[in-house]
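Keep the viewer open and follow along.

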Amino acid sequence: MSLFPSLFKIIRKGKCLFLLLLCLCVVAWIATFSNDDTDKAVQDGSNSPDDKGVGGFAQMELESEMMQSVEERVEEQAAKESCPEQSPLLRGAIKLSFDPSLTIGQVESENGEVVEGQYNPSDCTARQSVAILIPHRNREKHLLYLLHHLHPFLQRQQLHYAIYAGDATFNRAKLLNVGYLEALNDQSWDCFIFHDVDLVPENDHNLYMCEEQPKHLVVGRNSTGYKLRYKGYFGGVSAMTKEQFLKVNGFPNSYWGWGGEDDDLRIRVTLQKMSIIRPSSQVARYTMVFHKRDSGNQINKDRMRLLRRTHQAWKTDGLNSCSYKVLSVHRAPLFINITVDIGRPERAH
Ligand code: UDP
Ligand code: MN
C-alpha cells in the first residue's frame with residue numbers, strides 16, 4: 001500500500017504527465033469494461049476480487065486513479081464538521097403519496113446525489129453509517145414506493161447510508177442475516193436497519209440510527225390503527241448496531257414462511273440482557289402498502305415449537321451458521337440488489 005502515496009507524489013509533480021496518465025486510464029477503462037456490465041457475480045458469499053483478465057499495467061493505472069479519489073475524499077471528510085445532533089432538515093409528519101404511475105426513472109432523477117444506493121452528506125460528517133436491509137421478493141412496486149420516500153427521508157436525517165435489497169426463496173430472517181454479512185463485506189457499517197419492503201415511515205423524527213439498546217421503530221401502522229401489534233412485537237422495522245446483532249448471533253436461519261422470526265430475535269435480545277426501546281408513538285408511525293399474504297410465504301406452523309427452543313438454539317442457529325450462495329450483486333442507482341440462494345427448508349412442515 002505504501003507504493004501508492006509515493007506514486008501520487010510523482011503524478012502530482014507534472015500536470016502534463018498526469019493528463020497523459022488520465023488519457024491512458026480512460027483508454028484502459030474502455031478496453032477493460034467494453035464487454036462487461038455493472039452486475040458482478042460473486043460465489044459462495046465471499047466478495048473475492050474479480051479477476052476478469054485485466055492486464056497488470058491497466059489495472060495499476062486504474063487503481064492509482066481510484067486511490068487518488070479515495071485520498072481526496074478522506075481529506076475532504078477530515079475538513080468537515082460532524083453533523084449536528086438534530087438535523088435542521090427534519091420536517092416532521094409528511095404526507096405520503098403512492099402514485100400508481102410512479103417509475104424508477106422518476107425516483108432516480110429525484111435522487112441525483114445517490115450513487116449505487118449510497119449517500120453521504122456533502123456539508124458535514126454523518127454521525128452514523130447505516131445499512132438499510134430490505135428483504136423482498138415479488139414486491140417491486142412496494143420497493144419503488146419505499147425508495148421514493150426513504151431516500152429523501154434518510155437524507156433529511158443527514159446520515160451516511162446505503163440500501164441493500166435481497167431477493168430469494170422466502171425466509172425473511174435468513175435474508176436479513178445475509179444482508180448483514182454482505183453489507184459488512186462491502187463496507188464497515190455502525191448500524192443496521194432491518195426493514196420490511198412495504199412499510200413507509202410517516203415522520204422523519206423517527207431516526208434511522210442505532211442506540212445503546214436495540215430499537216423497534218414501528219410502534220403504529222395504519223393497518224393496525226396505529227397501535228403496537230402486540231406487547232413485545234419486534235417486527236417490521238428495527239435497528240441494531242453491528243455489535244448488538246453479533247451478540248445475539250443474528251436472526252435464526254430456520255424460520256421458513258410467515259411469522260415467528262421477529263419474536264425469536266426479541267428472545268435473543270432479552271437472553272443477552274438487552275432491552276428493546278421505542279420512539280414515541282407520535283413519531284414511530286408507518287403506512288403499510290396494502291397486500292395479501294404472498295404465495296410461497298404461508299404461515300409457519302412450526303413457529304411455536306421453534307420459539308420454545310430459542311434459549312438453546314440461538315448459539316448455533318444464526319450468523320455463525322448462515323450458509324448461502326450469492327448469485328449476483330447489482331449496483332443499481334438507488335439500491336444494491338443482492339440475489340442469493342439461501343437453500344430450502346431442511347424438511348417439509
Ligand atoms: N416479503 C417479500 N415477499 C414475500 C413475502 C414477504 O418481499 O413473498 C418481505 C417483505 O419485505 C415484507 C416482509 O417480508 O414486507 C414481511 O412479510 P409480510 O408483509 O407478509 O408481513 P406482515 O404484513 O404480516 O407484517
Ligand atoms: Mn406487510
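## The ligand site

In this predicted model, a polar side-chain atom of R139 sits 3.2 Å from an oxygen atom of ligand 1. This is a polar contact, that is, a pair of N or O atoms within 3.5 Å. A polar backbone atom of V197 lies 2.9 Å from an oxygen atom of ligand 1, and an N or O atom in the side chain of R229 is 3.1 Å from an oxygen atom of the ligand. On its own, ligand 1 has 520 Å² of accessible area, and the protein covers 96% of that (Shrake-Rupley method, 1.4 Å probe).

Around ligand 1 there are 15 residues, the closest being P135, R137, V197, D198 and W258; a residue counts here if one of its heavy atoms lies within 4 Å of the ligand.

## How to read the model

Residues are numbered from 1 along each chain as its sequence is written, while chains are lettered from A and ligands numbered from 1 in the order in which they are written. Local features need pLDDT of at least 70, side-chain atom pairs count only at pLDDT 80 or more, and totals for chains, interfaces and linings use all residues, with side-chain values using heavy atoms and leaving out hydrogens and water.

## Two nonpolar cores

A nonpolar core is a set of buried Ala, Val, Leu, Ile, Met, Phe, Trp, Tyr and Cys residues joined through side-chain atoms within 4.5 Å, where buried means under 20% relative accessible area (1.4 Å probe, protein chains only). The largest has 38 residues, and I132, L154, I163, I193 and Y208 have the most contacts inside it. Helix 5 (140-156) is one of the elements that each supply at least two residues, and its eight residues are the largest share. Helices are DSSP runs of H or I with at least four residues, strands are runs of E with at least two, and both are numbered from the N terminus.

I132 touches residues including L150, L154, I193 and Y208, not counting those up to four places away in sequence; contact means heavy atoms within 4.5 Å. Another core lies apart from this one, with 32 residues, among them V248, L319, V326 and I338.

L176 belongs to helix 6 (residues 172-186) and counts as buried because its relative accessibility is 1%. L176 touches L133, P135, F194 and F251, leaving aside residues up to four places away in sequence.

In helix 8 (residues 261-271), the buried residues include E261, D264, L265 and R268. Helix 6 and strand 9 are among the elements they pack against. Just after helix 8, K273 takes a positive phi of about 60°.

Note on methods: Buried means under 20% relative accessible area, exposed over 50%, partly exposed in between (1.4 Å probe, protein chains only). A polar contact is a pair of N or O atoms within 3.5 Å; within protein, one must be able to donate a hydrogen and the other to accept it, and residues adjacent in sequence count only if both atoms are side-chain atoms.
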